[in-house]
Structure formats: C-alpha cells, structure tokens
Amino acid sequence: MDMHLKDKVVLITGAGAGIGAATAKLFIEEGARVVVADYLGDAAEQVAAELGENARAFTVDVSKAEACKAMVDFTVAEFGGLDVLVNNAGRGSLGTVETQDENDWRSIIDVNLTGVYLCSKYAVPELRKRGGGAIVNTASNIAMAMAIRDRAAYVAAKGGVASLTRAMALDFAADNIRVNSVAPGVIWSNYYNKMLTQVPDPEAFKAGLRARAPSNSWGEPDDIASAIVWLASDRARFAVGTMLTVDGGASIW
C-alpha cells in the first residue's frame, strides 16, 4: 500500500467502466476513499458496490454546473473533504468539421472539455481547504502534435484539455494544488468490443489498432490507472502541468 494515498478522498468522473473503473479500484487498493461518478448511474453503483465500504457512487452529467457542484458537495458530505479530482469523463463520435452535427459537436466539447472546467471549478475550493491536493485530467496522445481522421470534435476537445491543464497548473500551484494530465493511446475497452461486432474483419481491425504503436500493442485500463494514481500521489510532488503519455510509443511513431 502506498501510504501517500491512505485515507485520501478521491473523486473520479467517468468511473463506471474502463479507465475510470480501473483507476477507482487502484485508489481503493492504495487505501484511498473514492467517489465513483458516472453519467450512467447503474454502472457507478455496480463499481462502487464491488469496491466496498470505502467507495460511494454518484450519477453526474459533467456538462451541467449544478450537477458538478452537487457531486463535489456529496463527496465532502460523505468523506469529510476532497484531496484528489480525476477528470476522466469523456465521449467521442465520428465527424469532420464538414460532416459533424452541430449538436453532437457541442456535446463532445461540453463533456470532454467543459466538464473538466466545471468539475475543477467546484473542486478547487475544497482542495484548498485541505492545504492542497491534486487534479489529474484524462487528455489523449492526440493532444500532442498529431491527430486522427474523422474525429474533429474529439481532437479539438482533448487538445483543449491539454492546454487547460497547463493553465490550471499555473493558476493553482501557489495553493499547493498540482494539476497534471495523462495522455492515453489506444486502450482496449467495451467501445472496441462493440466495434468488433460492426466491422467485416475483426482480426484485421485488431491488427490495425496494434499497428498504431511501434510496440505493436494496445493498452489496458490498468496501464492508465497506474499513471493517474502516480500523478495524484505525493511521489509525483514535482510533476506540475505535465502530460504523461502512455501510448505504447504511438506519439513517436
């Protein structure tokens, strides 16, 4: 157990599955108390139940200010404060700037980028009350000097998350609030399991995903969870405004 995280209070959005659920599990294993927040309330409840007495579930739409405030208030009421915020909620869809539906564009920006702003807005005062803390944002390796085709809104949103991370890091460093981000590459998830049922050649599809990185592999949610937990812990005390890339080398490909 990492004693740097024992009894810390952690709030994780998008924690009903994938990276968020794996991150919640690892924080619990390291002795933290965790609020599992997700747009899908049943998924959050299931994850929290599996994690035991030191986990709570909360249903949230991170694109809504009142919902984000209620989530932070719930965390403080349940566990007495807040030490770590993990802004992990996100969604994506296909589309170029020509083909993307405007409502879908706004939804992707609202969840992926505005959600980071809103959750952090209400979390920062609580972190400050504890004498500091950590915020970890889930960006993407596409937020670096790269992109992927037919994902304009997602690429724009994740680029915004990377820039917002740096701005927040500067704004709150004097409060002893460290703000960093993690940049995943292809991470296997239920999304890709669903894709396998929709493509004509599942094996070729999987080979294409592996080929995106020189390691010829994709990552697992635990790979990103480990990076997030490290950034949130005191072991990363000198990491401020950084983007930790965990993508099997895809960004140098």
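Me: What makes C68 count as buried?
Reply: Buried means under 20% relative accessible area, exposed over 50% and partly exposed in between, with a 1.4 Å probe and protein chains only. C68 has a relative accessible area of 0%, so C68 is buried. This is a predicted model, in which local features need pLDDT of at least 70, side-chain atom pairs count only at pLDDT 80 or more, and totals for chains, interfaces and linings use all residues. Residues are numbered from 1 along each chain as its sequence is written, and side-chain values use heavy atoms, leaving out hydrogens and water.

Me: Why is C119 in no disulfide?
Reply: A disulfide is a pair of cysteine sulfur atoms within 2.5 Å. The nearest cysteine sulfur to that of C119 belongs to C68 and is 3.7 Å away, so C119 is in no disulfide. The structure holds zero disulfides.

Me: Why is the pair of F58 and F74 called tilted?
Reply: Rings of Phe, Tyr and Trp (its six-membered ring) pair if their centres lie within 6.5 Å; planes under 30 degrees apart count as stacked, over 60 as edge-to-face and the rest as tilted. F58 and F74 are 5.1 Å centre to centre with 40° between the planes, so the pair is tilted.

Me: How do you know whether F58 and F74 are buried or partly exposed?
Reply: The relative accessibility of F58 is 17%, so F58 counts as buried. F74 has a relative accessible area of 22%, so F74 is partly exposed.
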